[in-house]
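Here's a quick briefing to read with the model open. Grab your viewer and follow along.

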Amino acid sequence: MFNRLYFILLALLPIQLFAQQDSPTETPIGGQTNDSRPITTAVPFLAIAPDARSSGMGDVGAATSPDATATHWNPAKLAFAERDMAVSLSYSPWLQRIVGDMSLSYLTGYKKLSKTSAIAASMRYFDLGSMQFTDANKQIIQDFNPREFAFDASYAMKLSKKFSMAVSGRYIYSNLSGNITNSSTNTDTRAANSVAVDISAFYTTDFMMGGLDSDLAFGANISNMGPKISYSSENQKDFIPTNLRLGTALTSELDPYNKLTFALDFNKLLVPSPAEYDEDGNLINGSDASDTGWVTGMFQSFGDAPGGASEELQEFMIGTGLEYWYNDLVAARAGYYYESENKGDRQYFTVGVGLRYQVFGIDFSYLITTAQNHPLQDTLRFTLFLNFNDKATASNTGSVN
């Protein structure tokens with residue numbers, strides 16, 4: 001029914017890509033095998049890196065210096081923000097090598113309330129473009145523009161000179177098909193809604209390393225903790241992408257004009273692993289999570305992989321990146337993102353640049369996949385910043401972004 005949802009799922013969901021099969025019957029594209037069990041969720045747009053700075057560094061952001069886009073990566077960083085207030089707008093044409101009218105937009109901003117606290121809000125909008133829905137007889141049902149969005153608000157507070165925490169609330173809306181009733185298959189579709197909560201933490205400390213002023217930071221964020229979402233009946237619900245992000249960042253001032261940051265993030269979806277079934281659909285390994293609640297699913301996700309500990313380790317995604325600043329004016333970035341070939345096989349390099357001048361800033365990033373003909377190849381992201389008040393009420397924790 002959805003002419004282009006196949007391509008969307010290739011890029012949004014962590015599914016296996018078999019771009020160069022020797023035989024058309026070898027393994028279905030996007031299918032699960034005994035070795036390949038990618039985790040899929042509803043509303044995966046919530047997990048897409050929305051901004052150009054972090055996406056230029058291999059999708060890292062748990063412990064990098066705070067800016068307005070911290071609302072996605074780790075809102076707890078905002079308690080240490082140097083600026084009194086900042087706003088950013090990010091835009092990314094999505095799957096531009098396949099379609100021309102899909103995009104992801106992200107508007108976010110924060111305001112320092114005091115030296116120790118800050119509030120923030122953001123809106124994420126995912127436009128899937130225009131689609132034509134047909135039935136099994138290829139008769140047109142309707143033309144429709146699927147779309148998804150999320151609103152969230154955050155509050156961050158320092159609990160000590162070096163440690164902060166934050167809590168965020170989120171409303172999620174997803175409308176992939178409108179309201180469609182198919183009496184022949186007894187299928188009804190509708191827009192889906194859900195809510196979610198994030199809890200994050202951030203720690204930073206200054207020290208001398210090899211005679212250089214340095215800053216070491218650690219960050220953690222459990223995001224999108226919330227109930228399952230349904231597009232049809234209450235008996236058919238899917239997990240949302242609850243995610244654990246752990247990261248660290250080391251920044252060193254090489255001299256008064258040059259600064260270098262190395263960052264590393266680990267991610268794991270806190271969603272039950274797919275079970276293993278035989279050809280007749282009988283469960284042979286793992287557990288059926290269709291009736292599992294989202295809270296139980298979070299804890300279950302650490303030990304339910306049919307392949308045991310080795311498969312659980314494959315479910316961790318790794319991002320690593322470098323950021324170089326000259327005089328807090330010009331930045332160059334590079335990174336690498338790795339996901340196991342059995343859990344989605346998203347592996348790509350990223351590069352990016354940034355410019356800051358007075359209250360204005362702009363970032364750009366470009367994605368280079370390691371596989372040929374990958375739907376994410378050549379993904380571009382752009383971010384514009386407005387930063388206010390150079391002398392913020394917070395203590396210095398790194399570059400001014």
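What follows goes through strands, salt bridges, surface charge, backbone angles and a few distances.

This is a predicted model, so keep in mind that local features need pLDDT of at least 70, side-chain atom pairs count only at pLDDT 80 or more, and totals for chains, interfaces and linings use all residues. Residues are numbered from 1 along each chain as its sequence is written, and side-chain values use heavy atoms, with hydrogens and water left out.

**Strands and how they pair**

- Helices (H or I, at least four residues) and strands (E, at least two) are DSSP runs, numbered from the N terminus, and two strands pair if DSSP finds at least two bridges between them.
- Start with β11 (residues 212-225), which pairs with β12 in the antiparallel sense over ten bridges.
- Among the partners here, L250 goes with F262 in β13, and E253 goes with K259 in β13.
- The turn from β12 to β13 is a hairpin through four residues.
- Carry on from β13 and you get to β16 (residues 316-326), again antiparallel and with eleven bridges. K268 has F316 as its bridge partner in β16.
- As background, side chains in a regular strand alternate between the two faces of the sheet.

**Salt bridges**

- A salt bridge here means a side-chain nitrogen of Lys or Arg within 4 Å of a carboxyl oxygen of Asp or Glu. The structure holds 17 of them.
- D378 and R97 form one, with their closest N and O atoms 2.8 Å apart. D378 lies in the loop between β19 and β20, and R97 in the loop between β1 (85-93) and β2 (103-112), so the pair ties together parts that are 281 residues apart in sequence.
- R97 comes out as partly exposed, at 46% relative accessibility. For burial labels, buried means under 20% relative accessible area, exposed over 50%, and partly exposed in between (1.4 Å probe, protein chains only). The areas themselves come from the Shrake-Rupley method with a 1.4 Å probe, and for residues only the protein chains shown count as cover.
- R170 and D198 meet in another salt bridge (2.8 Å, N to O). This pair links distant parts of the chain, with R170 in β7 (residues 163-175) and D198 in β10 (residues 192-209), 28 residues apart.
- Are R170 and D198 buried or exposed? R170 is buried at 9% relative accessibility, and D198 is buried at 2%.
- D363 pairs with R356, the closest N and O atoms being 3.0 Å apart. D363 is buried, with a relative accessible area of 1%, and R356 is buried as well, at 4%.
- There's also a network of salt bridges, which links R37, K268, E311, E312, E315 and K343.

**Negative surface patch**

- D206, D213, E253 and D255 gather in a patch of negative charge on the surface.
- Patches are made of residues with over 30% relative accessible area and no salt bridge, and like charges are joined within 9 Å. Lys and Arg count as positive and Asp and Glu as negative, while His and the chain ends are not counted. The place of a charge is NZ of Lys, CZ of Arg, CG of Asp or CD of Glu.
- D255 sits in the loop between β12 (243-253) and β13 (258-269). D255 is partly exposed, with a relative accessible area of 34%.

**Positive phi angles**

- Q358 isn't a glycine, yet its phi is positive, near 55 degrees. Q358 is in the loop between β18 (348-357) and β19 (360-369) and is exposed at 55% relative accessible area.
- N373 has a positive phi of about 60 degrees, and it is not a glycine either. You'll find N373 in the loop between β19 and β20 (380-388), exposed at 64%.

**C-alpha distances**

- S252, in strand β12, is buried with a relative accessible area of 7%. S252 and L212 are 40 residues apart in sequence and 6.3 Å apart in space, C-alpha to C-alpha.
- T296, in helix α4 (residues 294-300), counts as partly exposed at 49% relative accessibility.

Conventions:
Patches are made of residues with over 30% relative accessible area and no salt bridge: like charges are joined within 9 Å, nonpolar side chains (Val, Leu, Ile, Met, Phe, Trp, Tyr) within 5 Å.
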